[in-house]
Amino acid sequence: MSDRILVTTRKGLFTVERRGGGEWAIKRSAFLGDRVTMVLTDPRDDTLYAALDLGHFGVKLHRSGDAGKTWEEITAPAYPKKEEEEEGSSAPSVNLIWSLEAGGADQPGVLWAGTLPGGLFRSGDGGATWHLNQPLWERPERANWFGGGYDEPGIHSICVDPRDSKHLVLGVSCGGVWVTRDGGETWDLRGKGMFADYMPPERREDPTIQDPHRLIHCPAKPDALWVQHHNGVFRSTDGAANWQPVPDVKPSVFGFTVAVHPEDPETAWFVPAVKDECRIPADGRVVVARTRNGGDSFDVLGEGLPRENAYDLVYRHGLDVDASGTRLVMGSTTGGLWVSENQGDSWISVSNHLPPVYCVRFLG
Amino acid sequence: MAHVVFTPNLERHTSCPSAQAGGKTVGAVLDRVFRENPGLKSYVLDDQGRLRQHVVVFVNGQMIEDRLGLSDSVGDSDELFVMQALSGG
């Protein structure tokens, strides 16, 4: 079970550790005052990567080889410079690193970065250099992508198949679900069965414009995927080829994040908000919805979480489960951070005063 | 040669000492500076070499006009000042 958590926030990166007696506390901080949007621990060599959005000064990437004690800035993903540019051109520039994942165990040094305005970047040398994945960038469907969560579309979810490092599944807001089986040379658009009731009826089932808020796979059974979508929850059991709606999430199907048990694809967790038009916890009460039967039914879990007058939301990367499937961590838009050591049955408050939390990830 | 000064707000992120650099346009002057200090470039310019949206350059106290091509002229002994918008929160 993991005893350490990395937490990225609007004002820095925090390392949280478990002390004796089940208490969790902030042990270390980095990049204080800066917006840290994403973090990755490379499981192949324990290198840490932290993505920053310095606003005025752009997106940056840092790397640590000593568990976060010291950091060095490395080159961030960047679009190739267009040689000819008309005045007012909209030639792209990376505005956010929204996802960072390691390549396969057979690909030391390979990293993937998903960004706004929608480029997927690959590094083959541990982040020293990055290259835009042109085949995805040049897909004509990308002209139909639009912003979800931000003004521009972005890649927030990258699932690397542990059985085959050339097989990736991406989640794009708003641009649907994309799959490659050849390491990014070719891509297929998936989404059969997903729907968006909030779109014009003609586009309701168009896979190009679907808005998966967060897409994850079960690491032990990677053909099993879950999506917390803008319209609700969907799951797939055939590697994203087909999706089924999960309508009975309590108290609401709306939310931003999802976590799945690392070995049991039937067990997943969600953090519901009232609805799209009113994005606050139902009744001012923060709860986690857990299913253990593939979405047929849900437990609504709130022990240790705020019961009234609470307005915390948990964004796409604000929920994680550790490799044992026992511990969860959740960080909110209002700076709340909680850990569960029993699959969500009860929660321990770590802090109520962090800056808005973007991403939480267990270490190890 | 022009004298280029960077806002102190940048110093917490990256080394940005003031510099003397030749060039007849803002773009040319900044090019020279970034050649000596390559790590600074991405803090001022985006992937396409445009001035970042919330960064501004002054020449002798006047805000430059061409944020895309950085073609505003620069004379000998001119003072360039690079700073960011006063927003954040």
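**A walk through the model**

Modeller: Happy to, starting with one side chain: setting aside neighbours within four places in sequence, Trp145(A) is in contact with Gly118(A), Pro153(A), Val172(A), Cys174(A) and Gly175(A). Please keep in mind that this is a predicted model.

Colleague: Is Trp145(A) buried or exposed?

Modeller: Trp145(A) sits in the loop between helix H1 (134–137) and strand E12 (154–160) of chain A. A residue needs 20 or more other C-beta atoms within 10 Å to count as buried. Trp145(A) has 21 of them, so the answer is buried.

Colleague: How far apart in space are Trp145(A) and Ser173(A)?

Modeller: In sequence, Trp145(A) and Ser173(A) are 28 residues apart. From C-alpha to C-alpha, the distance between them is 7.8 Å.

Colleague: Which residues have the most contacts inside the largest nonpolar core?

Modeller: That core has 103 residues. Apart from it lies another core, of 22 residues, including Ala19(B), Leu30(B), Val33(B) and Val44(B). Inside the largest one, the residues with the most contacts are Val39(A), Ile97(A) and Trp269(A).

Colleague: What does Ile97(A) touch, beyond residues up to four places away in sequence?

Modeller: Ile97(A) has partners on both sides of it in the sequence numbering. Among them are Thr37(A), Met38(A), Ala51(A), Val59(A) and Leu61(A).

Colleague: Why is strand E4 of chain A described as largely enclosed?

Modeller: E4 covers residues 35–41 of chain A. The strand is largely enclosed by the rest of the structure because the buried residues number seven of the seven.

Colleague: Which residue in E5(A) is the bridge partner of Leu40(A)?

Modeller: E4(A) runs antiparallel to strand E5 (residues 48–53) of chain A, and six bridges join them. The two strands form a hairpin with six residues between them. Across this pairing, the partner of Leu40(A) is Tyr49(A).

Colleague: What is omega for the cis peptide bond between Leu116(A) and Pro117(A)?

Modeller: Most residues other than glycine have a negative phi, and most peptide bonds are trans. Pro117(A) lies in the loop between E9 and strand E10 (120–123) of chain A. Another cis bond joins Lys250(A) and Pro251(A), with omega of about -5°. For Leu116(A) and Pro117(A), omega is about 10°.

Colleague: What phi does Ala240(A) have?

Modeller: Ala240(A) is in the loop between strand E18 (232–236) and E19 of chain A. Ala240(A) is buried, with 25 other C-beta atoms within 10 Å. Its phi is positive although the residue is other than glycine, with a value near 85°.

Colleague: How does Asp46(A) count, given its C-beta neighbours inside 10 Å?

Modeller: Asp46(A) is placed in the loop between E4 and E5 of chain A. Asp46(A) is not a glycine, yet its phi is positive, about 65°. With 13 C-beta neighbours inside 10 Å, Asp46(A) counts as partly exposed.

Colleague: Turning to chain B, in what order do its elements run from the N terminus on?

Modeller: Chain B has two helices and five strands. From the N terminus, their order is β-β-α-α-β-β-β.

Colleague: Last one: how many residues does the contact take from chain A?

Modeller: Chain B gives 16 residues to the contact. By class, that side has five nonpolar, eight polar and three charged residues. From chain A, the contact takes 17 residues.

Technical notes:
Residues are numbered from 1 along each chain as its sequence is written. Chains are lettered from A and ligands numbered from 1 in the order in which they are written. This is a predicted model: local features need pLDDT of at least 70, side-chain atom pairs count only at pLDDT 80 or more; totals for chains, interfaces and linings use all residues. A nonpolar core is a set of buried Ala, Val, Leu, Ile, Met, Phe, Trp, Tyr and Cys residues joined through C-beta atoms within 7 Å. A residue is buried if 20 or more other C-beta atoms lie within 10 Å of its own, exposed if 12 or fewer, and partly exposed in between; C-beta atoms are placed from the backbone. Two residues are in contact if their C-beta atoms, placed from the backbone, lie within 7 Å. Ala, Val, Leu, Ile, Met, Phe, Trp, Tyr, Cys and Pro count as nonpolar, Asp, Glu, Lys and Arg as charged, and the others, Gly among them, as polar. Helices (H or I, at least four residues) and strands (E, at least two) are DSSP runs, numbered from the N terminus. Two strands pair if DSSP finds at least two bridges between them.
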